[in-house]
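Please examine the sequence and the three-dimensional structure shown below. The paragraphs that follow lead through selected features in turn.

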Amino acid sequence: MADTSTYALDLEADAARYPDEAGELLMEAAHQWRLGDDATRAHALLEQVRDLGGEDAAYACVTLADLAFEEGDDDQAHAWLAEAEEVLNDNSGAAEMAGELLAEYGRYAEALRWFDLAIGLYGAEAVAQLRNSDLPSPMAPMFLGRRDVRRELGLAPDEYDDLAEELRRRGREFGERIEAYAAAQEREDSGQRLVRLLVWRRAEQAEAAQRWPEVFTAKVLGNHRTVEAELRDGARANPADRVELVIASVAGFDDHLTRTGNDPLQEATRLAYMEEAHAGGEILAWPPGRNEACWCGSERKYKKCCDAPDPLSAPG
Ligand SMILES: [Zn+2]
């Protein structure tokens, strides 16, 4: 609380020093006073911003409406919203803020009117540009907010609702690309890539084949030599990679399927199970030492099993 008010007082002092930015600084100071439970002081600052005019005036009026709703004074809130509309000019952002506020209080029909106003002020040309781009947009919340209230009102999706979905998809894809990029960077920083593979040891695999015959087909059963060959090819191509084998178990896989309801035939399911097994279970570094037990669970030494030069000398 003390920190909040200290910061708020600093902002007020700055507002006096930099009149060009006074509106924005006082809005932030008001926000801080609200966080510090001093609604009265926040109120006084917001009225000051309203009196300053300009773009911040509409934001101030919507925030004053928010304070009034909080105090349970709906009439006063609507009076502030009416005033916001008077000083709105082309402030699409303030209209969107009013839409969000009304949606929060379950006043969906009113919220929709403000969202429509916001999109109208944003402009047909800008909307067309959004449509023709494949980039994410900071305007997504405006369209998504409108879409949400239209759903609440039971309205069928319109073209802006479709755009809202499209913008959300773009935002998600963009986020995924960033994450993939960050993960790749991490690998580069450490100089090695971590390759993870889910493996079924012989006994578990045989049991699993009884349980899920459609997953563990004849082609998959006893595939350890093939897996070993693939791992070696991978190691030759990318010698810096570190390989981890995540050991699968019938009990663990069964538990995963029961808990998640996932389809065992889906690759995504096996990946999800691998993540889980990795977090909580047995992991082997590959390749094992030549005299260590083979990773395939044959109970033979690696050099006498999957690492044997002659496949015929190895079981499977
Ligand atoms: Zn083996």
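Helix 2 comprises 14 residues and reaches 20 Å from its first C-alpha to its last, close to the 20 Å expected at 1.5 Å a residue. Helices (H or I, at least four residues) and strands (E, at least two) are DSSP runs, numbered from the N terminus. The expected span of a helix is 1.5 Å times one less than its number of residues. The model is a predicted one, in which local features need pLDDT of at least 70 and side-chain atom pairs count only at pLDDT 80 or more, while totals for chains, interfaces and linings use all residues. Residues are numbered from 1 along each chain as its sequence is written.

The buried residues in helix 2 are Gly23, Leu25, Leu26, Met27, Ala29, Ala30, Gln32, Trp33 and Arg34. Here a residue is buried if 20 or more other C-beta atoms lie within 10 Å of its own, exposed if 12 or fewer, and partly exposed in between, with C-beta atoms placed from the backbone. Just after helix 2, Asp37 takes a positive phi of about 65°. Asp37 belongs to the loop between helix 2 (22-35) and helix 3 (39-52). Asp37 counts as exposed because it has 11 C-beta neighbours inside 10 Å. As background, most residues other than glycine have a negative phi, and most peptide bonds are trans.

How many helices and strands does the protein chain have? There are 14 helices and 3 strands in the protein chain. Its C-alpha trace spans about 90 × 45 × 35 Å along the principal axes. The radius of gyration of the protein chain is 31 Å, whereas a compact globule of 316 residues would have one near 20 Å. This radius is taken over C-alpha atoms, and the globule rule is 2.2 Å times the number of residues to the power 0.38. Of the 316 residues of the protein chain, 28% count as buried. Two residues are in contact if their C-beta atoms, placed from the backbone, lie within 7 Å. Of the contacts in the protein chain with a separation of 6 or more, 55% are between residues 24 or more positions apart.

The interior can be described through its nonpolar cores. A nonpolar core is a set of buried Ala, Val, Leu, Ile, Met, Phe, Trp, Tyr and Cys residues joined through C-beta atoms within 7 Å. The largest nonpolar core has 48 residues, and those with the most contacts inside it are Ala29, Cys61, Val62, Ala65, Ala84, Ala94 and Ala98. Helix 4 (residues 55-70) supplies the largest share of this core, 9 residues. A second, separate core of 16 residues includes Val199, Trp200, Ala248 and Phe253. In soluble globular proteins, nonpolar side chains tend to be buried together.

Helix 4 packs with helix 6 (residues 92-104) at an angle of about 10°, their axes lying 9 Å apart. Helix 4 is therefore roughly parallel to helix 6. Axes are lines fitted to C-alpha atoms, for helices over the stretch in contact, and angles run from 0 to 180 degrees between N-to-C directions. Angles under 35 degrees count as roughly parallel, over 145 as roughly antiparallel, 65 to 115 as roughly perpendicular and the rest as oblique. Ala58, Tyr59, Val62, Ala65 and Asp66 in helix 4 meet Ala94, Met97, Ala98 and Leu101 in helix 6. Leaving aside neighbours within four places in sequence, Ala98 is in contact with Val62, Leu81, Ala84 and Trp114.

Just after helix 9, Gly154 has a positive phi of about 75°.

Strand 1 (residues 194-199) contains Arg196. Arg196 counts as partly exposed because it has 14 C-beta neighbours inside 10 Å. Not counting residues up to four places away in sequence, Arg196 touches Glu244, Val246, Met274 and His278.

Pro287 lies in the segment after strand 3 (283-286), and the peptide bond from Trp286 to Pro287 is cis, with omega near -5°. Glu299 also lies in the segment after strand 3 and has a positive phi of about 70° although it is not a glycine. Glu299 counts as exposed because it has 12 C-beta neighbours inside 10 Å.
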